[in-house]
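Keep the sequence at hand.

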Amino acid sequence: MAFTLWNLFEATLLCLNAVCILHEERFLAKMGWGVNANVQGFGEQPTVKSQILNLIRSIRTVMRIPLIFLNIVTIAVKLVLG
């Protein structure tokens, strides 16, 4: 199997789907990555953990509607082209 742009698109779509379905209280809080784990003072540099949590929340907020359409397009293409 060759590495194509379509494979790269599918892999990215699957990773974005995985990030969007992570549940804050059920999964992330058990690992210590909940909402309360992001407490820091004024002027302090954000930690890597807080930056990753902000990235997850941003992806979940921004990509919710576009992911619906991208998933529909991907399913349609897979149904038509195999």
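The paragraphs below go from confidence and fold to contacts and surface.

This is a predicted model, in which local features need pLDDT of at least 70 and side-chain atom pairs count only at pLDDT 80 or more, while totals for chains, interfaces and linings use all residues. Residues are numbered from 1 along each chain as its sequence is written, and side-chain values use heavy atoms, with hydrogens and water left out.

Start with confidence. pLDDT is the predictor's confidence in each residue, from 0 to 100. The chain has a mean pLDDT of 84. Of its residues, 87% reach 70 or more. Among the elements, helix α2 (residues 24-28) has the lowest mean, 73. Helix α4 has the highest, 94. Where pLDDT is low, the predicted coordinates should not be read in detail.

Now the fold. The chain has four helices and zero strands. Helices (H or I, at least four residues) and strands (E, at least two) are DSSP runs, numbered from the N terminus. The order from the N terminus is α-α-α-α. Burial is limited to 16% of the 82 residues. Here buried means under 20% relative accessible area, exposed means over 50%, and partly exposed lies in between (1.4 Å probe, protein chains only).

Helix α1 covers residues 5-20. What aromatic pairing does the structure hold? There is one aromatic pair. W6 and F9 form it, with centres 5.2 Å apart and 35° between the planes, a tilted arrangement. Rings of Phe, Tyr and Trp (its six-membered ring) pair if their centres lie within 6.5 Å; planes under 30 degrees apart count as stacked, over 60 as edge-to-face and the rest as tilted. W6 and F9 are three residues apart in α1, so about one helical turn separates them. W6 is partly exposed at 30% relative accessible area. F9 is also partly exposed, at 28%.

Next, look for charge pairing. The whole structure has one salt bridge. That term means a side-chain nitrogen of Lys or Arg within 4 Å of a carboxyl oxygen of Asp or Glu. K78 and E10 form the bridge, their closest N and O atoms 3.1 Å apart. K78 lies in α4 and E10 in α1, so the bridge ties together parts 68 residues apart in sequence. K78 is partly exposed, at 38%.

I59 sits in helix α3 (residues 48-62). I59 is buried, with 18% relative accessible area. Its C-alpha atom is 9.7 Å from that of N17, 42 residues away along the chain. E24 belongs to α2. E24 is buried at 9% relative accessible area. From E24 to L53 the C-alpha distance is 9.9 Å, across 29 residues of sequence.

Finish with helix α4, residues 64-81. Its 18 residues should span 26 Å at 1.5 Å a residue, and its end C-alpha atoms are 26 Å apart, so the two values agree. The expected span is 1.5 Å times one less than the number of residues. I65 lies in this helix. Together with I68, F69 and I72, I65 makes a nonpolar surface patch of about 410 Å². Patches are made of residues with over 30% relative accessible area and no salt bridge: like charges are joined within 9 Å, nonpolar side chains (Val, Leu, Ile, Met, Phe, Trp, Tyr) within 5 Å. Accessible areas come from the Shrake-Rupley method with a 1.4 Å probe, and for residues only the protein chains shown count as cover. Just after α4, G82 takes a positive phi of about 90°.
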